[in-house]
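Notebook open. I take one residue to begin with, then work through the rest of the model.

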Amino acid sequence: MSTITHWIAGEAVVGESERRAPVFDPATGQQQAEVLLASATDVEAAVAAASQAFESWSQTSLSRRSRILFSFRELLSQNADELAALITSEHGKVLSDALGEVQRGQEVIEFACGIPALLKGEYSDQVSTSVDVFSYREPLGVVAGITPFNFPAMVPMWMFPVAIACGNTFVLKPSERDPSASLLIADLWKRAGLPDGVFNVVQGDKEAVDAILDSPDIAAVSFVGSTPIAKYIHERASASGKRVQALGGAKNHAVVPSDADPEFVSDHLAAAAFGSAGERCMAISAAVLVGDAGDRVLEAVSRKAREVRVGAGSDTGSDMGPVVTKAAQQRILGLVDRGEEQGAKVVVDGRGLGVDGYPEGFWVGPTVLDGVTTEMDVYREEIFGPVLSVVRVESLDEAIALVNSNPYGNGTAIFTSNGAAARRFQRGVHVGMIGVNVPVPVPMAYYSFGGWKASLFGDKHVHGPEGVSFYTRAKVVTTRWESTGTAQASFAFPTST
Ligand code: NAD
């Protein structure tokens, strides 16, 4: 049984903790490795390496940082297939989907390659006689990322390319359910020429997370995961004086007015609800069907749900793989049972699905529930599985009110050919990321990603311009180099002359 280690100061490290967790292959249901679970002492070792590396990395020229990022980008691109295969073996998602997440992560690196332009400061000449002002941004120090299981490569890459490009050093605590991608990424950084200690990985669970949150030597924490943990991270890291961005869970609605084309809508709804077995924070989990759109769209999306080919992620014939763990499978199946008990109609039933050759796999088939109401658990809870809940409403305004009454505000979409309806929706919803005929509107790397309400604690979204802002702080410098002329010292508060 292989052991998945930490990565500290440029090498694989076992550390002192003897705690371990199993890592499964979700398609076979078998344990394939064990991962170390760091103690507070192991986290301290990573933070010490990062603190030491910060001394020189923060002083490294922008050109050299940028060149290392370009090399890392090339190596990632050359090793994308290997990384995708690792993701599939531990997460379960299909290979094309794993490659997609590597590509979207790579785009953040490409954004960060432009760091010399992104960190250009401001300059004002002669703000007062013989006085000039300029501002620029400096890195924070050691920063940490704590990431979820569902994107073991992309979500860490939302964070560390920008943090490192800005001159910070980084400690990543990936999900203990699919930890291997982080070690391949660490090796690629080393081969790209990144100095040891700039990028570190500590494997672990709550014990490692708490050590990060309490460490006096970590300046900022980026977190992505479920809402209760995001809230906890935000409170505890803020209490120890850190800058924090903590992205939480989601319940994303797709609103379908009656003018929408049922075939187009159902193709996109099926992909957005069942892609990656629904384990995406931007998955569509509620279809809000307006008026007489309802029956036509329900019929079409149910047909498409039944056509989804469920199988091992490594099989190129599969559209959708298993869910990540047995516990996730049991939780999702339990929620579907509760939905039925509470009055939802199970139109497509993914419970009891078997896949030939994989009797122990963590399977849940695509499931469509009709007649879902806002009181039901299937609507109130984030299911994070391949389950689409259909909610019926009478008008677009009712749909907008429904979206806004939900505690989450990550993503949402509308399907329509009516520009006025799309505009009313876009302006009316209290949600951070909105798609018009685009059901999974994940912003490009040069915009910033983030939700509203219970989907984000903290003010800054990740990557893009807000990522640069999060990982740096400003200095404003006021200068006078000429001692002659009008410059008179005064006991009055300084004003311009
Ligand atoms: P999770 O909250 O269980 O775990 C996230 C991280 O927190 C992991 O590294 C985990 O080890 C750690 N953690 C778990 N329990 C902890 C505890 N009690 N104390 C301290 N740390 C703890 O989330 P997950 O199941 O890995 O991922 C799925 C969730 O992430 C979903 O809710 C999904 O919506 C969310 N997510 C959100 C976004 C977004 O951008 N908003 C993106 C991806 C995933």
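I began with His463, which counts as buried at 2% relative accessibility. This is a predicted model, and I read every entry below with that in mind.

I placed His463 in the loop between strand E22 (456–457) and helix H16 (464–470). I then looked up its backbone angle. His463 has a positive phi of about 45°, and it is not a glycine. I noted that most residues other than glycine have a negative phi.

I found a positive phi at Asn437 too, about 60°, again at a residue that is not a glycine. Asn437 sits in the loop between strand E20 (433–436) and strand E21 (452–453). Is Asn437 buried or partly exposed? I get 27% relative accessibility, so Asn437 counts as partly exposed. His463, at 2%, counts as buried.

**Annotation**

I checked UniProt next. An unreviewed entry there lists residues 16–477 as "domain: Aldehyde dehydrogenase". I computed the content of that stretch. Over residues 16–477 the chain is 41% helix and 21% strand. The end C-alpha atoms of the stretch are 46 Å apart.

**Cysteines**

How many disulfides does a search of the whole structure find? I count zero. I followed this up at Cys166, which is in no disulfide. The nearest cysteine sulfur belongs to Cys113 and is 13 Å away. A disulfide needs the two sulfur atoms within 2.5 Å, so 13 Å rules that pair out.

I looked up burial as well. Cys166 has a relative accessible area of 1% and is buried. Cys281 is also buried, with a relative accessible area of 13%. The cut-off for buried is under 20%, so Cys281 falls within it.

**Largest pocket**

I turned to the open spaces. The largest pocket has a volume of about 780 Å³. I find 37 residues lining it. Pro148, Arg177, Gly225, Ser226 and Ile229 lie nearest the centre of this pocket.

Which element gives the most to the lining of the largest pocket? H9 does, with five residues. I listed the elements that each supply at least two lining residues: helix H8 (206–214), strand E11 (220–224), helix H9 (227–239) and helix H12 (326–341).

I sorted the lining of the largest pocket by residue class. It divides into 20 nonpolar, nine polar and eight charged residues. I also checked the domains. Domain 1 (2–248 + 455–477) and domain 2 (252–436) each give at least three residues to this lining.

**Cavities**

I count three cavities of 30 Å³ or more. The largest cavity has a volume of about 90 Å³. I find 15 residues around it, and those nearest its centre are Gly278, Arg280, Ala283, Ser285 and Phe384. The lining of the largest cavity divides into eight nonpolar, four polar and three charged residues.

Where does Phe384 lie? I place it in the loop between helix H13 (377–380) and strand E17 (387–393). Phe384 has a relative accessible area of 18%. The cut-off is under 20%, so Phe384 counts as buried. I also logged one distance from Phe384. Phe384 and Ala165 are 219 residues apart in sequence, and their C-alpha atoms are 33 Å apart in space.

Notes: Residues are numbered from 1 along each chain as its sequence is written. This is a predicted model: local features need pLDDT of at least 70, side-chain atom pairs count only at pLDDT 80 or more; totals for chains, interfaces and linings use all residues. Side-chain values use heavy atoms; hydrogens and water are left out. Buried means under 20% relative accessible area, exposed over 50%, partly exposed in between (1.4 Å probe, protein chains only). On a 1 Å grid over the protein atoms alone, a cavity is a set of points where a 1.4 Å probe fits but cannot get out, and a pocket is an open set with protein on both sides within 12 Å along at least five of seven lines; lining residues have an atom within 4 Å of a point. Grid points are joined across faces, edges and corners, and a volume is the space filled by probe spheres set on the points. Helices (H or I, at least four residues) and strands (E, at least two) are DSSP runs, numbered from the N terminus. Ala, Val, Leu, Ile, Met, Phe, Trp, Tyr, Cys and Pro count as nonpolar, Asp, Glu, Lys and Arg as charged, and the others, Gly among them, as polar. Domain bounds come from an automatic or database domain assignment. UniProt positions are given in the numbering used here, feature names are shortened, and annotations may be inferred rather than shown by experiment.
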